[in-house]
Amino acid sequence: MSILQLDQVGYSYTGIRQRVQVLRDISYQFSPGSVYGIVGRSGAGKTTLLSLLSGLTLPTSGRVLFDGRDLAACDRYRYRSRDVGVVFQSFNLLPSLTATENIVLSMHISGKQYRDYRGHALKLLQKVGIEREKADRRVLHLSGGEQQRVAIARALSYDPAVILADEPTGNLDETTQDQVMAILTQLAHRENKCVIIVTHSPAVARQVDMLYKLAPLQ
Ligand SMILES: Nc1ncnc2c1ncn2[C@@H]1O[C@H](COP(=O)(O)OP(=O)(O)OP(=O)(O)O)[C@@H](O)[C@H]1O
Ligand SMILES: [Mg+2]
């Protein structure tokens, strides 16, 4: 059973003079427990597709369904803050906050209640391999690979069913890339998350359970 589905989705950006169609008639299905890869040339529409899956943008045609419900008819703020966790290439962490504070903030935004916010955040950081003494360091002073792990921990902070990652291993060396992939794969295989990764890396694409290839329209 798919948890997330693109049903004949199309998307056009509306510019000042013209509409530019980026996606046409995309029907993909995503199930829990699997890692999906989305590949395609630069400009093919991969980030646009993730933004549709994350509920940030609505398709100009077709539907995005979460648990069988059309996102266009759902409370998308609630969907974005509870059901889906997003990892961007640029991390989007708040650099002047510590790793722990970034996660606690995201837990608060979700509106879910926790008994011990800090304890939960520390557990997540441990899970992604951030050493204890770095948990209270400002994100600004962490390496790229460490920041990427914090971004994954933050995406997990409210226990979403779906994790979307845009180039999560971009700019990382091979070993760190493998570590980040191992974390994402375990989340799917051991915790039944639906993990969707956009990547340019052939090494990453080889490790996913299913690959969607996005062909550019022009
Ligand atoms: N806000 C926007 N307004 C107009 N066109 C846009 C906008 N954002 C993206 N585009 C265009 O839509 C197309 C798809 O962009 P998108 O960012 O989804 O590509 P991508 O596959 O993620 O590329 P990359 O691999 O370089 O990250 C590109 O041609 C891009 O120029
Ligand atoms: Mg992109």
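**Figure 1. Helix H3 passes helix H4 in a right-handed crossing.** The model shown is predicted. The contact draws on Ala99, Thr100, Ile103, Val104, Met107 and His108 from H3. Helix H4 contributes Tyr117, Arg118, His120, Ala121, Leu122, Leu124 and Leu125 to this contact. By class, the residues of the contact of H3 with H4 comprise nine nonpolar, three polar and one charged.

**Figure 2. Axes of H3 and H4 in the predicted model, which cross at roughly 120 degrees.** Helix H4 spans residues 117-127, and helix H3 covers 99-110. The two axes come within 9 Å and cross at roughly 120 degrees. H3 is therefore oblique to H4.

**Figure 3. The largest pocket, with a volume of about 480 Å³.** The lining of this pocket consists of 17 residues. Those that lie nearest the centre of the pocket are Arg80, Val86, Phe88, Arg154 and Tyr158. Sorted by class, the lining of the largest pocket holds 10 nonpolar, five polar and two charged residues.

**Figure 4. Secondary-structure elements that supply the lining of the largest pocket.** At least two lining residues come from each of helix H2 (76-83), strand E6 (84-87), helix H3 (99-110) and helix H6 (144-156). Among these elements, H3 gives the most to the lining of the largest pocket, with four residues.

Technical notes:
Residues are numbered from 1 along each chain as its sequence is written. Chains are lettered from A and ligands numbered from 1 in the order in which they are written. This is a predicted model: local features need pLDDT of at least 70, side-chain atom pairs count only at pLDDT 80 or more; totals for chains, interfaces and linings use all residues. Side-chain values use heavy atoms; hydrogens and water are left out. On a 1 Å grid over the protein atoms alone, a cavity is a set of points where a 1.4 Å probe fits but cannot get out, and a pocket is an open set with protein on both sides within 12 Å along at least five of seven lines; lining residues have an atom within 4 Å of a point. Grid points are joined across faces, edges and corners, and a volume is the space filled by probe spheres set on the points. Ala, Val, Leu, Ile, Met, Phe, Trp, Tyr, Cys and Pro count as nonpolar, Asp, Glu, Lys and Arg as charged, and the others, Gly among them, as polar. Axes are lines fitted to C-alpha atoms, for helices over the stretch in contact, and angles run from 0 to 180 degrees between N-to-C directions. Angles under 35 degrees count as roughly parallel, over 145 as roughly antiparallel, 65 to 115 as roughly perpendicular and the rest as oblique. A crossing is left-handed if the near helix is turned anticlockwise from the far one by less than a right angle, and right-handed if clockwise. Contact means heavy atoms within 4.5 Å.
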